[in-house]
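Biologist: Can you bring up the model? I have some things to ask about it.

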Amino acid sequence: MSDSRIAVLGVGLMGADHVARIQSRISGARVAVVNDYVTDKAEQLAASIPGCRAIVDPLDAIADPDVDAVLLATPGPTHEKQLLACLEHGKPVLCEKPLTTDVETSLAVVRREAELGVRLIQVGFMRRFDDEYVELKALIDGGELGDPLLLHCVHRNPAVPDNFDSAMTVRDSLVHEVDVTRFLLGEEVTSIQIVTPTPNPAARQGLFDPLIAILRTAGGKHVDVELFVTTGVAYEVRTELVAEKGSAMIGLDVGLVRKSAPGHWGGTITPSFKERFGRAYDMEIQRWVDAVRRGGITGTYVEGPGAWDGYAATAVCEAGVQALQSGQPVAVSMVERASIQAGWHR
Ligand SMILES: NC(=O)c1ccc[n+]([C@@H]2O[C@H](COP(=O)([O-])OP(=O)(O)OC[C@H]3O[C@@H](n4cnc5c(N)ncnc54)[C@H](O)[C@@H]3O)[C@@H](O)[C@H]2O)c1
């Protein structure tokens with residue numbers, strides 16, 4: 001079987017990383033088309049990849065007959081239109097989070113995909129492909145620790161850009177913990193509260209940092225998340241599960257531990273998400289490419305989180321932004337999943 005021809009839309013931080021990944025570490029696929037709002041950037045990148053073209057209009061890139069699948073790494077506000085175009089052309093698409101930036105458009109995308117009856121959309125929640133999360137999920141599902149009761153999560157960044165506000169902490173950082181919660185516990189999140197302690201003096205004026213998010217699931221389970229994006233230290237992501245018969249923790253950064261003079265003991269912490277989750281991104285894209293290649297036989301072009309997961313995360317984050325303003329618990333408003341699945345006919 002010849003390599004799947006991928007169009008990468010948006011070749012900024014994530015898109016350029018995915019292009020390099022597909023070209024050097026992923027089997028069964030090659031980058032055939034790149035597109036970016038900044039056309040020079042796309043043209044320069046295309047010139048460095050054998051057999052790759054830059055296409056100026058993202059919708060033309062999606063429709064191109066020599067494109068088998070699309071990787072969307074454009075900013076969130078552009079996703080709705082580009083996802084709907086992928087659906088109309090029957091092109092499998094891996095969409096970096098968020099699915100779309102509001103609940104209504106996310107639901108419209110979920111409904112359109114269901115009407116068409118083929119699973120074409122995968123959402124880029126890469127933590128589901130990280131070895132430690134996979135191991136924790138297997139431990140939970142194996143039942144050895146009994147039922148999960150609580151999750152304690154930590155999400156720390158060394159720094160964020162000047163335009164980063166508290167709503168972005170919810171939509172861009174907390175969104176990953178929302179998906180982790182749904183993935184590990186297998187339940188929807190039904191309410192969210194945000195607590196704002198005294199800010200870190202190093203945080204920009206007006207940025208509530210750190211934040212504590214408190215999530216409650218449909219089964220009454222509690223999840224708390226510390227979000228601290230101006231630590232000045234490194235990128236740290238931890239999850240502790242507390243269950244009926246024990247607890248388990250991931251994200252301890254216990255790689256190589258070095259001992260050296262004079263009296264030093266320790267290791268390193270990854271500087272950013274690219275290093276911490278590099279292997280997870282590789283795994284995510286490889287599994288997606290494999291699913292795309294098998295799709296004609298299996299009837300699904302997705303391996304992992306789909307459009308519904310993107311919709312659920314958007315719904316929780318939207319409630320989270322309201323909770324940030326009110327300080328009170330806010331109920332998450334979502335349609336019943338059964339109302340969507342009734343439309344599937346595969
Ligand atoms: N999964 C993760 O851990 C993770 C991490 C970072 C970013 N993201 C997501 O990836 C996406 C891209 O983020 P980024 O950090 O790479 O942003 P970025 O700003 O570095 O890159 C976005 C690129 O898209 C281009 N662009 C803008 N509008 C476009 C359009 N209409 N059509 C084509 N190209 C367009 C820009 O010129 C830019 O090159 C976002 O949805 C973001 O939330 C996911």
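Modeller: A disulfide here is a pair of cysteine sulfur atoms within 2.5 Å. This is a predicted model, and a search of the whole structure finds zero disulfides.

Biologist: What is the nearest cysteine sulfur to Cys86, and how far away is it?

Modeller: That of Cys95, 8.6 Å away. Cys86 is in no disulfide.

Biologist: Is Cys86 buried or exposed?

Modeller: Cys86 is buried, with a relative accessible area of 0%.

Biologist: Changing topic, helices. At what angle do the axes of H4 and H5 cross?

Modeller: Roughly 5 degrees, and the axes come within 10 Å. H4 covers residues 79–88 and H5 covers residues 103–116. Angles under 35 degrees count as roughly parallel, so H4 and H5 are roughly parallel to each other.

Biologist: Which residues meet there?

Modeller: From H4, Glu80, Leu83, Leu84, Leu87 and Glu88; from H5, Thr105, Val109, Arg112, Glu113 and Leu116. The residues of this contact divide into five nonpolar, four charged and one polar.

Biologist: Last one. Where is Ala16?

Modeller: Ala16 is in helix H1, residues 13–24. Ala16 counts as partly exposed, at 30% relative accessibility.

How values were computed: Residues are numbered from 1 along each chain as its sequence is written. This is a predicted model: local features need pLDDT of at least 70, side-chain atom pairs count only at pLDDT 80 or more; totals for chains, interfaces and linings use all residues. Side-chain values use heavy atoms; hydrogens and water are left out. Axes are lines fitted to C-alpha atoms, for helices over the stretch in contact, and angles run from 0 to 180 degrees between N-to-C directions. Helices (H or I, at least four residues) and strands (E, at least two) are DSSP runs, numbered from the N terminus. Angles under 35 degrees count as roughly parallel, over 145 as roughly antiparallel, 65 to 115 as roughly perpendicular and the rest as oblique. Contact means heavy atoms within 4.5 Å. Ala, Val, Leu, Ile, Met, Phe, Trp, Tyr, Cys and Pro count as nonpolar, Asp, Glu, Lys and Arg as charged, and the others, Gly among them, as polar. Buried means under 20% relative accessible area, exposed over 50%, partly exposed in between (1.4 Å probe, protein chains only).
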